Amino acid sequence: MFRSVARSAAGKNLLRRGYATAVPERKVAVLGAAGGIGQPLALLMKLNPLVSQLALYDIANTPGVAADVSHINSRSEVAGYVGEEQLGKALEGCDVVIIPAGVPRKPGMTRDDLFNINAGIVKGLCSAIAKYCPNALVNMISNPVNSTVPIAAEVFKKAGTYDEKKLFGVTTLDVVRAKTFYAGKAKVNVADVNVPVVGGHAGITILPLFSQATPKANLPEEDIKALTKRTQDGGTEVVEAKAGKGSATLSMAYAGAIFADACLKGLNGVPDVVECSFVQSTVTELPFFASKVRLGKNGVEEVLGLGPLSEYEKEGLESLKPELKSSIEKGIKFANQS
Ligand SMILES: NC(=O)c1ccc[n+]([C@@H]2O[C@H](COP(=O)([O-])OP(=O)(O)OC[C@H]3O[C@@H](n4cnc5c(N)ncnc54)[C@H](O)[C@@H]3O)[C@@H](O)[C@H]2O)c1
Ligand SMILES: O=C(O)C[C@H](O)C(=O)O
(Lines give C-alpha, C1' and ligand atoms only; values in the text may rest on other atoms or scores of the structure.)
(Ligands and ions follow the chains in the order given, each with its own letter.)
Protein backbone atom coordinates (compact mmCIF):
# COMPACT_ATOMS: atom_id res chain seq x y z
CA MET A 1 0.00 0.00 0.00
CA PHE A 2 3.00 2.30 0.15
CA ARG A 3 3.19 4.35 -3.04
CA SER A 4 5.42 7.35 -3.33
CA VAL A 5 3.51 10.62 -3.41
CA ALA A 6 5.06 11.40 -6.73
CA ARG A 7 3.40 8.42 -8.45
CA SER A 8 -0.27 8.86 -7.58
CA ALA A 9 -2.56 11.66 -8.75
CA ALA A 10 -3.49 12.41 -5.15
CA GLY A 11 0.21 12.40 -4.34
CA LYS A 12 0.91 14.98 -7.05
CA ASN A 13 -1.69 17.23 -5.43
CA LEU A 14 0.02 16.74 -2.10
CA LEU A 15 3.39 17.63 -3.55
CA ARG A 16 1.93 20.76 -5.13
CA ARG A 17 0.50 21.66 -1.71
CA GLY A 18 3.84 21.27 0.03
CA TYR A 19 3.79 17.73 1.47
CA ALA A 20 7.35 17.02 0.45
CA THR A 21 7.92 13.55 1.91
CA ALA A 22 6.30 10.23 0.97
CA VAL A 23 2.81 9.91 2.41
CA PRO A 24 1.61 6.30 2.30
CA GLU A 25 -1.76 5.50 0.80
CA ARG A 26 -4.24 4.72 3.56
CA LYS A 27 -7.80 3.51 3.26
CA VAL A 28 -10.17 4.36 6.09
CA ALA A 29 -13.76 3.11 6.42
CA VAL A 30 -16.48 4.59 8.58
CA LEU A 31 -19.25 2.07 9.39
CA GLY A 32 -22.41 3.94 10.36
CA ALA A 33 -21.31 6.86 8.21
CA ALA A 34 -24.78 8.34 7.70
CA GLY A 35 -25.44 8.71 11.42
CA GLY A 36 -25.11 11.54 13.89
CA ILE A 37 -21.44 10.76 14.51
CA GLY A 38 -20.77 9.20 11.13
CA GLN A 39 -21.48 12.31 9.05
CA PRO A 40 -19.24 14.82 10.87
CA LEU A 41 -16.63 12.08 11.28
CA ALA A 42 -16.72 11.48 7.52
CA LEU A 43 -16.16 15.21 7.05
CA LEU A 44 -13.21 15.28 9.46
CA MET A 45 -11.61 12.20 7.91
CA LYS A 46 -12.02 13.78 4.46
CA LEU A 47 -10.00 16.73 5.78
CA ASN A 48 -7.21 14.44 7.03
CA PRO A 49 -4.30 14.46 4.56
CA LEU A 50 -3.13 11.04 5.79
CA VAL A 51 -6.21 9.42 4.21
CA SER A 52 -6.10 8.52 0.50
CA GLN A 53 -9.35 6.51 0.27
CA LEU A 54 -12.42 7.08 2.41
CA ALA A 55 -15.15 4.41 2.39
CA LEU A 56 -18.48 5.47 3.89
CA TYR A 57 -20.75 2.56 4.78
CA ASP A 58 -24.22 2.46 6.35
CA ILE A 59 -27.41 0.48 5.97
CA ALA A 60 -29.03 3.57 4.40
CA ASN A 61 -28.33 7.09 3.10
CA THR A 62 -24.59 6.80 2.41
CA PRO A 63 -24.78 7.73 -1.31
CA GLY A 64 -25.89 11.25 -0.38
CA VAL A 65 -23.34 11.65 2.41
CA ALA A 66 -20.56 10.36 0.14
CA ALA A 67 -21.56 12.60 -2.79
CA ASP A 68 -21.62 15.61 -0.46
CA VAL A 69 -18.29 14.94 1.28
CA SER A 70 -16.60 13.95 -2.01
CA HIS A 71 -16.84 17.51 -3.35
CA ILE A 72 -14.38 18.76 -0.73
CA ASN A 73 -11.05 19.47 -2.41
CA SER A 74 -8.82 17.41 -0.13
CA ARG A 75 -6.62 14.35 -0.80
CA SER A 76 -8.89 11.36 -0.35
CA GLU A 77 -11.18 9.73 -2.85
CA VAL A 78 -14.58 9.07 -1.32
CA ALA A 79 -16.97 6.22 -2.03
CA GLY A 80 -20.32 5.46 -0.46
CA TYR A 81 -21.52 1.91 0.21
CA VAL A 82 -25.04 1.01 1.27
CA GLY A 83 -26.46 -2.30 2.50
CA GLU A 84 -24.80 -5.50 3.56
CA GLU A 85 -24.03 -6.64 0.02
CA GLN A 86 -21.67 -3.66 -0.36
CA LEU A 87 -19.94 -4.03 3.02
CA GLY A 88 -17.14 -6.23 1.65
CA LYS A 89 -16.19 -3.65 -0.99
CA ALA A 90 -16.20 -0.91 1.64
CA LEU A 91 -13.81 -2.91 3.84
CA GLU A 92 -11.41 -4.40 1.28
CA GLY A 93 -7.92 -2.96 1.69
CA CYS A 94 -8.75 -0.90 4.77
CA ASP A 95 -5.97 0.21 7.11
CA VAL A 96 -8.33 1.67 9.72
CA VAL A 97 -12.03 0.90 10.29
CA ILE A 98 -14.00 3.27 12.51
CA ILE A 99 -17.30 1.95 13.90
CA PRO A 100 -19.92 4.45 15.08
CA ALA A 101 -22.82 2.17 13.98
CA GLY A 102 -25.68 1.53 16.35
CA VAL A 103 -28.33 3.21 18.44
CA PRO A 104 -27.56 6.09 20.82
CA ARG A 105 -28.99 6.67 24.32
CA LYS A 106 -32.11 8.61 25.24
CA PRO A 107 -32.56 10.31 28.64
CA GLY A 108 -32.87 7.79 31.48
CA MET A 109 -30.90 5.07 29.69
CA THR A 110 -27.47 3.71 30.56
CA ARG A 111 -25.00 2.75 27.84
CA ASP A 112 -25.62 -0.88 28.83
CA ASP A 113 -29.29 -0.44 27.82
CA LEU A 114 -27.97 -0.24 24.23
CA PHE A 115 -26.39 -3.69 24.49
CA ASN A 116 -29.30 -5.70 23.08
CA ILE A 117 -29.31 -3.82 19.76
CA ASN A 118 -25.70 -2.75 19.37
CA ALA A 119 -24.07 -6.06 20.34
CA GLY A 120 -25.60 -7.75 17.29
CA ILE A 121 -24.68 -4.85 14.98
CA VAL A 122 -21.05 -4.88 16.15
CA LYS A 123 -20.84 -8.64 15.90
CA GLY A 124 -22.02 -8.59 12.28
CA LEU A 125 -19.67 -5.78 11.30
CA CYS A 126 -16.69 -7.44 12.98
CA SER A 127 -17.38 -10.74 11.19
CA ALA A 128 -17.13 -8.81 7.92
CA ILE A 129 -13.91 -7.09 9.06
CA ALA A 130 -12.41 -10.51 9.86
CA LYS A 131 -13.28 -11.60 6.33
CA TYR A 132 -12.42 -8.55 4.23
CA CYS A 133 -9.71 -6.59 6.10
CA PRO A 134 -8.36 -8.76 8.95
CA ASN A 135 -5.25 -6.57 9.31
CA ALA A 136 -7.08 -3.27 9.79
CA LEU A 137 -6.94 -1.31 13.02
CA VAL A 138 -10.47 -1.24 14.44
CA ASN A 139 -11.64 1.89 16.29
CA MET A 140 -14.79 0.91 18.21
CA ILE A 141 -17.10 3.82 19.06
CA SER A 142 -20.43 1.93 19.34
CA ASN A 143 -21.69 1.64 22.90
CA PRO A 144 -21.46 0.04 25.35
CA VAL A 145 -17.72 0.20 24.52
CA ASN A 146 -16.93 -1.80 27.69
CA SER A 147 -18.78 -4.73 26.06
CA THR A 148 -18.51 -4.07 22.31
CA VAL A 149 -14.69 -4.28 22.36
CA PRO A 150 -14.73 -7.73 24.04
CA ILE A 151 -17.41 -8.80 21.53
CA ALA A 152 -15.15 -7.73 18.66
CA ALA A 153 -12.20 -9.60 20.20
CA GLU A 154 -14.24 -12.81 20.47
CA VAL A 155 -15.51 -12.52 16.88
CA PHE A 156 -11.94 -12.07 15.64
CA LYS A 157 -10.70 -14.98 17.80
CA LYS A 158 -13.36 -17.26 16.34
CA ALA A 159 -12.37 -16.19 12.83
CA GLY A 160 -8.69 -16.78 13.66
CA THR A 161 -7.77 -13.15 12.92
CA TYR A 162 -7.53 -11.64 16.42
CA ASP A 163 -4.55 -9.41 16.98
CA GLU A 164 -4.81 -7.59 20.29
CA LYS A 165 -2.61 -4.82 18.91
CA LYS A 166 -5.30 -3.86 16.40
CA LEU A 167 -8.45 -3.48 18.47
CA PHE A 168 -9.25 -0.19 20.22
CA GLY A 169 -12.21 1.11 22.19
CA VAL A 170 -12.38 4.83 21.48
CA THR A 171 -12.33 6.66 24.83
CA THR A 172 -10.87 9.88 23.43
CA LEU A 173 -14.07 11.82 24.17
CA ASP A 174 -13.48 11.25 27.89
CA VAL A 175 -10.02 12.76 27.49
CA VAL A 176 -11.38 15.66 25.42
CA ARG A 177 -13.96 16.38 28.14
CA ALA A 178 -11.46 16.03 31.01
CA LYS A 179 -9.13 18.51 29.27
CA THR A 180 -11.92 21.02 28.65
CA PHE A 181 -13.38 20.83 32.17
CA TYR A 182 -9.93 20.95 33.82
CA ALA A 183 -8.84 23.98 31.77
CA GLY A 184 -12.03 25.80 32.77
CA LYS A 185 -11.58 25.11 36.48
CA ALA A 186 -7.80 25.58 36.60
CA LYS A 187 -7.95 28.65 34.37
CA VAL A 188 -5.16 27.41 32.11
CA ASN A 189 -4.93 27.39 28.33
CA VAL A 190 -6.95 24.37 27.18
CA ALA A 191 -4.53 23.77 24.30
CA ASP A 192 -1.74 23.08 26.82
CA VAL A 193 -3.74 20.62 28.96
CA ASN A 194 -3.08 16.89 29.22
CA VAL A 195 -5.13 14.52 31.40
CA PRO A 196 -5.02 10.73 31.15
CA VAL A 197 -8.40 9.00 31.51
CA VAL A 198 -8.29 5.30 32.36
CA GLY A 199 -10.66 2.38 33.10
CA GLY A 200 -13.57 2.09 30.70
CA HIS A 201 -16.24 4.18 29.00
CA ALA A 202 -19.37 4.26 31.18
CA GLY A 203 -20.16 6.11 34.40
CA ILE A 204 -17.77 5.32 37.24
CA THR A 205 -15.63 3.14 34.96
CA ILE A 206 -14.40 6.44 33.43
CA LEU A 207 -11.52 7.45 35.72
CA PRO A 208 -9.79 10.73 34.89
CA LEU A 209 -6.39 11.03 36.58
CA PHE A 210 -6.42 14.73 37.46
CA SER A 211 -3.48 14.19 39.84
CA GLN A 212 -1.41 13.76 36.65
CA ALA A 213 -3.00 16.70 34.80
CA THR A 214 -0.67 19.25 33.31
CA PRO A 215 -0.16 22.18 33.63
CA LYS A 216 -0.29 21.57 37.41
CA ALA A 217 -2.92 23.65 39.20
CA ASN A 218 -3.13 22.20 42.75
CA LEU A 219 -6.91 22.31 42.74
CA PRO A 220 -8.67 21.54 46.04
CA GLU A 221 -10.08 18.04 46.59
CA GLU A 222 -13.72 19.24 46.14
CA ASP A 223 -12.84 20.62 42.71
CA ILE A 224 -11.13 17.35 41.70
CA LYS A 225 -14.19 15.38 42.83
CA ALA A 226 -16.54 17.69 40.90
CA LEU A 227 -14.36 17.49 37.77
CA THR A 228 -14.23 13.69 38.04
CA LYS A 229 -18.02 13.45 38.36
CA ARG A 230 -18.57 15.85 35.45
CA THR A 231 -16.21 13.83 33.23
CA GLN A 232 -17.94 10.57 34.21
CA ASP A 233 -21.35 12.13 33.51
CA GLY A 234 -20.29 14.05 30.38
CA GLY A 235 -22.21 11.75 28.04
CA THR A 236 -25.35 11.98 30.18
CA GLU A 237 -25.05 15.79 30.24
CA VAL A 238 -25.30 15.79 26.43
CA VAL A 239 -28.02 13.10 26.30
CA GLU A 240 -30.18 15.17 28.67
CA ALA A 241 -29.52 18.42 26.81
CA LYS A 242 -30.50 16.74 23.52
CA ALA A 243 -33.71 15.59 25.24
CA GLY A 244 -34.41 12.44 23.24
CA LYS A 245 -32.59 13.43 20.05
CA GLY A 246 -29.54 11.25 20.74
CA SER A 247 -26.16 11.59 22.40
CA ALA A 248 -22.87 13.35 21.68
CA THR A 249 -22.19 13.43 17.95
CA LEU A 250 -20.09 16.51 17.14
CA SER A 251 -17.65 16.25 20.05
CA MET A 252 -17.51 12.50 19.41
CA ALA A 253 -16.72 12.99 15.74
CA TYR A 254 -13.91 15.35 16.79
CA ALA A 255 -12.62 12.81 19.33
CA GLY A 256 -12.94 9.93 16.83
CA ALA A 257 -11.01 11.92 14.23
CA ILE A 258 -8.21 12.62 16.72
CA PHE A 259 -7.95 8.94 17.59
CA ALA A 260 -8.04 7.75 13.97
CA ASP A 261 -5.39 10.33 13.09
CA ALA A 262 -3.20 8.96 15.89
CA CYS A 263 -3.66 5.42 14.52
CA LEU A 264 -2.68 6.59 11.03
CA LYS A 265 0.37 8.44 12.35
CA GLY A 266 1.42 5.31 14.24
CA LEU A 267 0.99 3.17 11.11
CA ASN A 268 3.08 5.68 9.17
CA GLY A 269 5.92 5.39 11.68
CA VAL A 270 5.56 8.74 13.43
CA PRO A 271 7.33 8.27 16.80
CA ASP A 272 5.81 8.80 20.25
CA VAL A 273 2.14 8.82 19.33
CA VAL A 274 0.34 8.26 22.63
CA GLU A 275 -3.43 8.27 23.24
CA CYS A 276 -5.68 6.73 25.86
CA SER A 277 -7.71 3.76 24.59
CA PHE A 278 -9.63 0.74 25.88
CA VAL A 279 -7.48 -2.20 24.80
CA GLN A 280 -6.46 -5.72 25.81
CA SER A 281 -4.36 -5.05 28.86
CA THR A 282 -2.35 -6.41 31.76
CA VAL A 283 -2.28 -3.05 33.57
CA THR A 284 -4.87 -4.45 36.02
CA GLU A 285 -6.29 -7.94 36.49
CA LEU A 286 -9.05 -7.09 33.96
CA PRO A 287 -8.53 -8.36 30.40
CA PHE A 288 -9.45 -5.00 28.84
CA PHE A 289 -8.69 -1.61 30.32
CA ALA A 290 -8.26 1.94 29.07
CA SER A 291 -4.91 3.57 29.66
CA LYS A 292 -2.29 5.44 27.71
CA VAL A 293 -1.19 3.46 24.66
CA ARG A 294 1.78 4.06 22.39
CA LEU A 295 0.74 3.58 18.76
CA GLY A 296 3.06 2.23 16.10
CA LYS A 297 3.33 0.51 12.74
CA ASN A 298 1.36 -2.53 13.96
CA GLY A 299 -1.17 -0.71 16.13
CA VAL A 300 -0.53 -0.94 19.86
CA GLU A 301 3.22 -0.74 20.40
CA GLU A 302 3.05 -0.47 24.18
CA VAL A 303 0.29 -0.32 26.77
CA LEU A 304 1.56 2.18 29.32
CA GLY A 305 1.00 1.82 33.06
CA LEU A 306 -1.17 4.02 35.24
CA GLY A 307 1.59 6.05 36.90
CA PRO A 308 1.22 7.32 40.47
CA LEU A 309 -2.41 7.63 41.65
CA SER A 310 -3.86 9.82 44.41
CA GLU A 311 -5.77 8.08 47.23
CA TYR A 312 -9.02 9.28 45.63
CA GLU A 313 -8.01 7.76 42.27
CA LYS A 314 -6.93 4.49 43.94
CA GLU A 315 -10.41 4.25 45.47
CA GLY A 316 -11.99 5.07 42.09
CA LEU A 317 -9.92 2.34 40.47
CA GLU A 318 -11.08 -0.31 42.96
CA SER A 319 -14.72 0.83 42.69
CA LEU A 320 -14.83 0.63 38.91
CA LYS A 321 -13.45 -2.90 38.61
CA PRO A 322 -16.62 -4.94 39.39
CA GLU A 323 -18.75 -3.02 36.86
CA LEU A 324 -16.08 -3.10 34.18
CA LYS A 325 -15.47 -6.82 34.77
CA SER A 326 -19.15 -7.64 34.40
CA SER A 327 -19.52 -5.55 31.20
CA ILE A 328 -16.50 -7.31 29.68
CA GLU A 329 -17.88 -10.72 30.65
CA LYS A 330 -21.30 -9.84 29.24
CA GLY A 331 -19.70 -9.06 25.86
CA ILE A 332 -17.63 -12.26 25.84
CA LYS A 333 -20.67 -14.35 26.76
CA PHE A 334 -22.83 -12.76 24.06
CA ALA A 335 -20.22 -13.35 21.36
CA ASN A 336 -19.85 -17.00 22.29
CA GLN A 337 -23.48 -17.95 22.75
CA SER A 338 -24.97 -16.66 19.52
N1 LIG B 1 -17.35 5.90 22.35
C2 LIG B 1 -17.90 7.05 22.61
O3 LIG B 1 -17.32 7.89 23.29
C4 LIG B 1 -19.24 7.40 22.03
C5 LIG B 1 -19.67 8.73 22.01
C6 LIG B 1 -20.90 9.04 21.45
C7 LIG B 1 -21.71 8.02 20.94
N8 LIG B 1 -21.27 6.75 20.97
C9 LIG B 1 -22.07 5.65 20.41
O10 LIG B 1 -21.97 5.68 18.98
C11 LIG B 1 -23.12 5.03 18.42
C12 LIG B 1 -23.70 5.85 17.28
O13 LIG B 1 -24.22 7.07 17.76
P14 LIG B 1 -24.91 8.12 16.77
O15 LIG B 1 -25.30 9.29 17.58
O16 LIG B 1 -24.07 8.32 15.57
O17 LIG B 1 -26.21 7.28 16.35
P18 LIG B 1 -27.13 7.48 15.05
O19 LIG B 1 -28.36 6.70 15.27
O20 LIG B 1 -27.26 8.92 14.71
O21 LIG B 1 -26.26 6.80 13.89
C22 LIG B 1 -26.00 5.44 13.90
C23 LIG B 1 -25.88 4.99 12.46
O24 LIG B 1 -25.57 3.60 12.48
C25 LIG B 1 -26.23 3.04 11.37
N26 LIG B 1 -26.33 1.59 11.51
C27 LIG B 1 -27.22 0.85 12.20
N28 LIG B 1 -26.99 -0.45 12.00
C29 LIG B 1 -25.92 -0.54 11.18
C30 LIG B 1 -25.22 -1.62 10.60
N31 LIG B 1 -25.54 -2.87 10.85
N32 LIG B 1 -24.19 -1.31 9.79
C33 LIG B 1 -23.84 -0.04 9.54
N34 LIG B 1 -24.47 1.02 10.05
C35 LIG B 1 -25.52 0.76 10.85
C36 LIG B 1 -27.59 3.73 11.32
O37 LIG B 1 -28.20 3.59 10.05
C38 LIG B 1 -27.16 5.16 11.63
O39 LIG B 1 -26.90 5.90 10.47
C40 LIG B 1 -24.08 4.81 19.58
O41 LIG B 1 -23.96 3.47 20.03
C42 LIG B 1 -23.56 5.75 20.66
O43 LIG B 1 -23.89 5.34 21.95
C44 LIG B 1 -20.06 6.42 21.51
O1 LIG C 1 -23.22 9.04 26.60
C2 LIG C 1 -23.46 8.37 25.61
O3 LIG C 1 -24.39 7.57 25.55
C4 LIG C 1 -22.63 8.56 24.37
C5 LIG C 1 -21.16 8.52 24.63
O6 LIG C 1 -20.74 7.35 25.23
C7 LIG C 1 -20.65 9.73 25.37
O8 LIG C 1 -19.83 9.57 26.26
O9 LIG C 1 -21.06 10.85 25.01
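## The largest cavity

The largest cavity has a volume of about 70 Å³, a volume being the space filled by probe spheres set on grid points joined across faces, edges and corners. A cavity here is a set of points, on a 1 Å grid over the protein atoms alone, where a 1.4 Å probe fits but cannot get out; lining residues have an atom within 4 Å of a point. The count comes to one cavity of 30 Å³ or more.

This model is predicted: local features need pLDDT of at least 70, side-chain atom pairs count only at pLDDT 80 or more, and totals for chains, interfaces and linings use all residues. Side-chain values use heavy atoms, without hydrogens and water; residues are numbered from 1 along each chain as its sequence is written, while chains are lettered from A and ligands numbered from 1 in the order in which they are written.

The lining of the largest cavity includes I129, P134, F156, Y162, D163 and K166. It divides into eight nonpolar, one polar and two charged residues. Ala, Val, Leu, Ile, Met, Phe, Trp, Tyr, Cys and Pro count as nonpolar, Asp, Glu, Lys and Arg as charged, and the others, Gly among them, as polar.

## Ligand 2

Ligand 2 is surrounded by R105, R111, N143, L173, R177, H201, G235, S247 and A248, each with a heavy atom within 4 Å of the ligand. Two nonpolar, four polar and three charged residues make up this shell. Domain 1 (25-169) and domain 2 (171-328) both contribute to the shell, so ligand 2 lies between them. The bounds come from an automatic or database domain assignment.

The distance is 2.8 Å for R111, 2.7 Å for R177 and 2.5 Å for H201. The protein covers 96% of the 260 Å² of accessible area that ligand 2 has on its own, by the Shrake-Rupley method with a 1.4 Å probe.

## Ligand 1

Around ligand 1 there are 28 residues, the closest being G36, I37, D58, V103 and N143. N143 also belongs to the shell around ligand 2.

Backbone atoms supply polar contacts. An oxygen atom of ligand 1 is 3.2 Å from a polar backbone atom of G35. For G102, the corresponding distance to an oxygen atom of the ligand is 3.3 Å. A nitrogen atom of ligand 1 lies 3.1 Å from a backbone N or O atom of I141. The protein covers 85% of the 860 Å² of accessible area that ligand 1 has on its own.

Key:
Polar contact = N/O pair within 3.5 Å; in protein donor to acceptor, adjacent residues only side chain to side chain. 1 Å grid on protein atoms, 1.4 Å probe; cavity = no way out; pocket = protein on both sides within 12 Å on 5 of 7 lines; lining within 4 Å.
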